[in-house]
Amino acid sequence: MMRTLLRLLFPPKCVFCGRVTENENFAVCEDCLPHIPLNRRACRNCGTPLDTVYGDWMCTTCRKRKRAFTRAYVPFVYKDIAREAILRFKFGGRRGSAGTLAAYILLKMREMRAPRPDMITFVPLHFTRLGVRGYNQAALLARALGKMLGVPVQSTLRKMRNTPPQSKMSGRNRWAVQHDVFALKRDVDVAGKDVLLVDDVITTGATMHTCARHLKKAGAKTVEIAAAAATSFVHK
Ligand SMILES: [Zn+2]
Ligand SMILES: [Zn+2]
């Protein structure tokens, strides 16, 4: 009854174009399906879309530097309707998109035969930004994913100060998100666990690397990462 009423008041809308759709768990309309920029050829390690695939499916950055995470599950390239969908999810108040975006991450995990993590966590927002936006989109994705996988979701990290968006930083600074921008929360127990770290978009992997390093330092056995989309290598 309540559910029916809610559906009438807030019918599920396609996360890509906003048109009303039938399925609220997988809210994608037929018109958008063929236009989704799927991340088919991605670096296995960081999720960056690759122009050319070599034998090891690794991007040049991951070949040069050892990352604190070992694998990435990223279903979309951050462009076109995927970019628009994520922007609406992030800034347009479209929290309801979390379920569908997380479902795509889950599909990617299945495709890449991801092991089941012991725990899911997410990249935090600085509290001032959280205050303005009202929610952390990475946390919403993590929670939706945790529900589907039946894996506990825990907030483990804090963002200590606000940093400019990575897209506005120079190439060199972008790699080095300083370690103390993030901190591990108190009473967090990740020791010996296989952790899945979630963000909305991966730009350079620098944020993920720094957060993963904190988790590894706290004793996490492995850290794998997941995001809805990753920016293309040509933009880096
Ligand atoms: Zn659509
Ligand atoms: Zn890579």
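Modeller: Helices are DSSP runs of H or I with at least four residues, strands are runs of E with at least two, and both are numbered from the N terminus. Val132 lies in one such helix, α5 (residues 127-133). This is a predicted model, in which local features need pLDDT of at least 70, side-chain atom pairs count only at pLDDT 80 or more, and totals for chains, interfaces and linings use all residues. Residues are numbered from 1 along each chain as its sequence is written.

Biologist: What makes Lys66 exposed?

Modeller: Its count is 9 other C-beta atoms within 10 Å, so Lys66 is exposed. Lys66 lies in the loop between α2 (60-64) and β1 (72-73). Its C-alpha atom is 9.3 Å from that of His209, 143 residues apart along the chain.

Biologist: Why is α4 called oblique to α6?

Modeller: Axes are lines fitted to C-alpha atoms, for helices over the stretch in contact, and angles run from 0 to 180 degrees between N-to-C directions. The axes of α4 (residues 97-111) and α6 (residues 137-149) come within 8 Å and cross at roughly 60 degrees. Therefore α4 is oblique to α6. Under 35 degrees counts as roughly parallel, over 145 as roughly antiparallel, 65 to 115 as roughly perpendicular, and the rest as oblique.

Biologist: Which residues of α4 and α6 make the contact?

Modeller: Two residues are in contact if their C-beta atoms, placed from the backbone, lie within 7 Å. From α4 come Ala98, Gly99, Leu101, Ala102, Ile105 and Leu106; from α6 come Leu140, Leu141, Ala144, Leu145 and Met148.

Biologist: How many of the residues in the contact of α4 with α6 are nonpolar?

Modeller: There are 10 nonpolar, one polar and no charged. Ala, Val, Leu, Ile, Met, Phe, Trp, Tyr, Cys and Pro count as nonpolar, Asp, Glu, Lys and Arg as charged, and the others, Gly among them, as polar.

Biologist: How many helices and strands does the protein chain have?

Modeller: Eight helices and seven strands. The radius of gyration is 17 Å, close to the 18 Å that the globule rule gives for 236 residues, so the chain is as compact as a globular protein of that length. The radius is taken over C-alpha atoms; the rule is 2.2 Å times the number of residues to the power 0.38.

Terms used. Chains lettered and ligands numbered in written order. Buried ≥ 20, exposed ≤ 12 C-beta atoms within 10 Å, placed from the backbone.
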